[in-house]
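Please keep the sequence and the coordinates open while reading.

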Amino acid sequence: MNTPQVDERRIRQLVELSTQALAGGRTQDADRLLRQAQAEAPRHPLVVTETSRRLLLSGNAAGAHQLLTQALAADPSQLSLWLNLAAALRGLGRPEEEMAALNKVLAGEPRNMRALLQKASLQELQGQPRAAAMTFRYALQMIPPGFDPPPPLQPILQQAKAVVDANDRALEVFLEERLRDLRAQYPGEP
């Protein structure tokens, strides 16, 4: 059985226009463009990614999870789908599965900023401040000097920096306590 040929460029354009319309507050246009992409290529990774993102934005983590699980069963190589699945799993309160999905993304794209930030956030939620600080530090090191993050990213990056700074201070206190007796024993020595 032949499957219909998908015009990759057209689907990409429809999804991009839909995303731009949504960002511009033109919800009806955004929905119309996404429905058009869904009608032409319902299983296309970009269409599934955008549809699941919209479900997540509307608070429907279960619907996004169902859609993404079906899409990944058909094509588990799509890392963008795994990343959205991790977000759906966060919404469903399933941290172990969320971490597994994030690790899948990072195995394929070790420098995926969104996956790193979400992983660090999850580590923080799981009471692993040092692991979170290490992951946040790695993500922050990838940001070029002078980069002006978009407004939605600013609070996340501020939180990342705060976690890294708190971890650095905790390490300083730990080392200072360990070295106090040694310094007392050898005063004036560098």
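## Salt bridges and overall form

In this predicted model, the side chains of Arg 94 and Glu 97 meet in a salt bridge, with a nitrogen-to-oxygen distance of 2.8 Å. Arg 94 is partly exposed, its relative accessible area being 28%, and Glu 97 is likewise partly exposed, at a relative accessibility of 38%.

| Salt bridge | Distance, N to O |
|---|---|
| Arg 94 and Glu 97 | 2.8 Å |
| Asp 165 and Lys 161 | 3.1 Å |
| Arg 54 and Asp 31 | 3.6 Å |

What separates Asp 165 and Lys 161 along helix H9? The two residues are 4 residues apart in that helix, which covers residues 154-185, so the separation between them is about one helical turn. Asp 165 has a relative accessibility of 27% and counts as partly exposed, while Lys 161, with a relative accessible area of 46%, is partly exposed as well.

The side chains of Arg 54 and Asp 31 also meet in a salt bridge, at 3.6 Å from N to O. This pair links distant parts of the chain, since Arg 54 lies in helix H3 (residues 45-57) and Asp 31 in helix H2 (residues 27-40), 23 residues apart. Is Arg 54 buried or exposed? With a relative accessibility of 13%, Arg 54 counts as buried, because the cut-off for buried is under 20% relative accessible area. Asp 31, by contrast, is partly exposed, with a relative accessible area of 32%. Both residues take part in a network of salt bridges that links Asp 31, Glu 50, Arg 53 and Arg 54.

The fold as a whole provides the setting for these pairs. The secondary structure of the protein chain consists of 9 helices and 0 strands, and the pattern read along the sequence is α-α-α-α-α-α-α-α-α. The radius of gyration of the chain is 22 Å, well over the 16 Å that the globule rule gives for 190 residues, so the chain is more spread out than a compact globule. Along the principal axes, the C-alpha trace spans about 80 × 35 × 25 Å.

Of the 190 residues of the chain, 32% count as buried. Among contacts with a separation of 6 or more, 48% are between residues 24 or more positions apart. The accessible surface of the chain comes to about 12200 Å², and carbon and sulfur atoms account for 55% of that area. As for charge, the mean position of the 22 positive charges and that of the 21 negative charges are 4 Å apart.

Ile 11 lies in helix H1, which covers residues 8-23, and Ile 11 is buried, with a relative accessible area of 1%. Which residues does Ile 11 touch, not counting those up to four places away in sequence? They are Val 6, Ala 37, Glu 40, Ala 41, His 44 and Val 47. For one of these, Ala 37, which is 26 residues from Ile 11 along the chain, the C-alpha atoms of the two residues are separated by 5.8 Å.

Note on methods:
Residues are numbered from 1 along each chain as its sequence is written. This is a predicted model: local features need pLDDT of at least 70, side-chain atom pairs count only at pLDDT 80 or more; totals for chains, interfaces and linings use all residues. Side-chain values use heavy atoms; hydrogens and water are left out. A salt bridge is a side-chain nitrogen of Lys or Arg within 4 Å of a carboxyl oxygen of Asp or Glu. Buried means under 20% relative accessible area, exposed over 50%, partly exposed in between (1.4 Å probe, protein chains only). The radius of gyration is taken over C-alpha atoms; the globule rule is 2.2 Å times the number of residues to the power 0.38. Contact means heavy atoms within 4.5 Å. Accessible areas come from the Shrake-Rupley method with a 1.4 Å probe; for residues, only the protein chains shown count as cover. Lys and Arg count as positive and Asp and Glu as negative; His and the chain ends are not counted. The place of a charge is taken as NZ of Lys, CZ of Arg, CG of Asp or CD of Glu.
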